[in-house]
Amino acid sequence: MKRENLSILVESALDMGKDSHGGNISAESMTWENMAGVLSKLSPQASAYARIKYLLEGRLIASLSRSLYKQGVGITTRFKRRVHPHKLVKTALLESIGDHICKDCDGVGSIRLKSCMTCEGYGRKGWTNRKRAKLLGVSSSNWNRDYSLMYIEALQIFHKFEDQLGTALYLSKN
């Protein structure tokens, strides 16, 4: 993992305050051993997600997608005909790990103490529904009718993984 990725991870996940010595939490204060300890405290899927996004372990993408699909992420029982659920989960994962920094809040997630309306407080702006439909190979009308809600559910799983990681990092420093 590159130092810059560790810096992004720590800064995005730990915008919560100070470390146990009263100093700011930074990538320089995070060691590889600390990161391994943090990842071991997460669920296997959340740990795999963090490894994909921040440690650039792309080889885990297919296995995480399959794992979530097999686990039944809430989308498999209602699935429609044309797109395999595994592909939908994988596409949501790829969107989630991408760097789409929100231009309105500069990736912070809030503007003047209010949640950013553009990115809904996540600091990143997602793909458009048109792009999602195109990546899955369905029309926009099919996307809106058959897939959009399931895709959003899949994205929310990855947002929960981010929250778990942020909490684990914060707790590891206190």
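An exposed residue has over 50% relative accessible area, so Arg112, at 77%, counts as exposed. With that cut-off in hand, welcome to a set of close-up views of a predicted model.

View 1. Is Leu113 buried or exposed? Leu113 is exposed, because its relative accessible area is 87%.

**View 2. Salt bridges join Arg51, Glu57 and Arg59 into one network.** Side chains of opposite charge can pair when their charged atoms come close. Here Glu57 has two such partners to look for. Arg51 forms a salt bridge with Glu57, with 2.6 Å between the closest N and O atoms. Arg59 forms a salt bridge with Glu57 too, and there the closest N and O atoms are 3.1 Å apart. The surroundings of the three residues are worth checking one by one. Glu57 is buried, with a relative accessible area of 18%. Arg51 is partly exposed, at 26%, and Arg59 is exposed, at 62%.

**View 3. Arg145 and Asp146 meet in a salt bridge.** The distance from N to O is 3.2 Å. Arg145 is exposed, with a relative accessible area of 52%, whereas Asp146 counts as buried at 8%. How many salt bridges does a search of the whole structure find? The search finds five.

**View 4. Helix 3 crosses helix 7 at roughly 90 degrees.** Two packed helices are described by the angle between their axes and the distance between the axes. For helix 3, residues 44-54, and helix 7, residues 140-172, the axes come within 9 Å. Angles of 65 to 115 degrees count as roughly perpendicular, so helix 3 and helix 7 are roughly perpendicular to each other. On the helix 3 side, look for Gln45, Ala46, Tyr49, Ala50, Lys53 and Tyr54; on the helix 7 side, they meet Phe158, Phe161, Glu162, Gln164 and Leu165. By class, this contact of helix 3 with helix 7 divides into seven nonpolar, two polar and two charged residues.

**View 5. Helix 6 also meets helix 7, with axes that cross at roughly 95 degrees.** Helix 6 spans residues 129-136, and its axis comes within 10 Å of that of helix 7. Helix 6 and helix 7 are therefore roughly perpendicular to each other. From helix 6 come Asn129, Arg130, Arg132, Ala133 and Leu136, which meet Ser140, Trp143, Asn144, Tyr151, Ile152 and Leu155 in helix 7. The residues in this contact of helix 6 with helix 7 are six nonpolar, three polar and two charged.

**View 6. The largest nonpolar core holds 36 residues.** Which of its residues touch the most other members? They are Leu64, Tyr151, Phe158 and Leu165. Helix 2 (32-40), helix 3, helix 4 (61-71), helix 5 (85-97), helix 6 and helix 7 each supply at least two residues of this core. The largest share, twelve residues, comes from helix 7. Zoom in on Phe158 to meet its contacts: leaving aside neighbours within four places in sequence, Phe158 is in contact with Tyr49, Leu64, Leu68, Val89, Ala92, Leu93 and Ser96.

**View 7. Ala48 is found in helix 3 and touches Leu60 and Leu64.** Those contacts do not count residues up to four places away in sequence. Ala48 is buried, with a relative accessible area of 15%.

Terms used. Residues numbered from 1 in each chain as written. Predicted model: local features only at pLDDT ≥ 70, side-chain atom pairs only at ≥ 80, totals over all residues. Heavy atoms only, no water. Salt bridge = Lys/Arg side-chain N within 4 Å of Asp/Glu carboxyl O. Buried < 20%, exposed > 50% of the residue type's maximum accessible area, 1.4 Å probe, protein only. Axes fitted to C-alpha atoms, helices over the stretch in contact; angles between N-to-C directions. Helix = DSSP H or I, 4+ residues; strand = E, 2+ residues; numbered from the N terminus. Parallel < 35°, antiparallel > 145°, perpendicular 65-115°, else oblique. Contact = heavy atoms within 4.5 Å. Nonpolar A, V, L, I, M, F, W, Y, C, P; charged D, E, K, R; others polar. Core = buried A, V, L, I, M, F, W, Y, C linked by side-chain atoms within 4.5 Å.
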